[in-house]
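My notes follow in the order I looked things up.

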Amino acid sequence: MSEVARVFVALWPDAAVKQQLEQVSERLHRQCAGRLTPTDNLHLTLAFLGDTPASRIGELQSVLATFQFQPFLLKLDKLGIWAGNGIGWMAPARIPRELNELADAIRLLLEKHQFFFDIKPFKPHVTLLRRARPGRTAPAVNPVNWPVSRIALVESRLANDKAQYVLLGEYP
């Protein structure tokens, strides 16, 4: 690990949810082209910390290990493409209270322990495509029901101009 690690806290799908998201990704790709997000990189970001001193990663892992929340079911049932950046995404049509509360609690915990994070408003989504053609209609899909019971600390490493995500821990 270098002197800094580019990290984020996320919902990390299990194998069954990854498989469903992969199927949706491929369907959206057929409609809108673009570059597929590698299946192993699919996630929903709760808090993006960005460059964090590597010397604090162990502390961050310990802080997250103390975090508790009530499991809930996240229903992803809306597809779209942001015209400005060509991101094809899947998200909940209605953001569940539990998801907002989880993101808020994570951000409060990080703040309490003086970890800095991106303060942009929480916009929950899973990035399925990059450089998708805007203006295309996203295909209808069956919802992805994601049982949420864990959060993950993930490091983003760049290799050959592509992000490789390394799971640093799952909590609780």
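Helices here are DSSP runs of H or I with at least four residues, strands are E runs of at least two, and both are numbered from the N terminus. I checked the peptide bond from Tyr171 to Pro172 and found it cis, with omega near -5 degrees. I noted that most peptide bonds are trans.

**Ground rules**

This is a predicted model, so I kept in mind that local features need pLDDT of at least 70 and side-chain atom pairs count only at pLDDT 80 or more, while totals for chains, interfaces and linings use all residues. Residues are numbered from 1 along each chain as its sequence is written, and side-chain values use heavy atoms, with hydrogens and water left out.

**Overall fold**

I counted three helices and ten strands in the chain. Read from the N terminus, the order is β-α-β-β-α-β-β-β-α-β-β-β-β. The radius of gyration is 16 Å, close to the 16 Å from the globule rule for 172 residues, so the chain is as compact as a globular protein of that length. That radius is taken over C-alpha atoms, and the rule is 2.2 Å times the number of residues to the power 0.38. Along the principal axes, the C-alpha atoms fill a box of roughly 45 × 40 × 30 Å.

I looked up burial next. Buried residues make up 44% of the 172. The cut-offs are under 20% relative accessible area for buried, over 50% for exposed, and partly exposed in between (1.4 Å probe, protein chains only).

Then I checked contacts, meaning heavy atoms within 4.5 Å. Of those with a separation of 6 or more, 78% join residues 24 or more positions apart.

I also looked at charge. The chain has 21 positive and 16 negative charges, and their mean positions are 8 Å apart. Lys and Arg count as positive, Asp and Glu as negative; His and the chain ends are not counted. The charge is placed at NZ of Lys, CZ of Arg, CG of Asp or CD of Glu.

**Annotated span**

The unreviewed UniProt entry gives "domain: Phosphoesterase HXTX" for residues 12-83. Such annotations may be inferred rather than shown by experiment. I found this span to be 38% helix and 31% strand, with its end C-alpha atoms 26 Å apart.

**Two loops around S3**

Where is Asn41? I found Asn41 in the loop between strand S2 (35-36) and S3. Asn41 is buried, at 10% relative accessible area. Beyond residues up to four places away in sequence, Asn41 touches Ala163 and Tyr165.

Ser55 is in the loop between strand S3 (44-53) and helix H2 (57-65). Ser55 is exposed, at 69%. I took its C-alpha distance to Pro38, 17 residues away along the chain, and got 29 Å.

**Positive phi**

Most residues other than glycine have a negative phi. I logged two non-glycine residues with a positive value. Ala33 has a phi of about 60 degrees. Ala33 lies in the loop between helix H1 (15-32) and S2, and is partly exposed at 24% relative accessibility.

Gln114 also has a positive phi of about 60 degrees. Gln114 lies in the loop between helix H3 (97-112) and strand S7 (126-130). Is Gln114 buried or exposed? Gln114 is exposed, with a relative accessible area of 58%.
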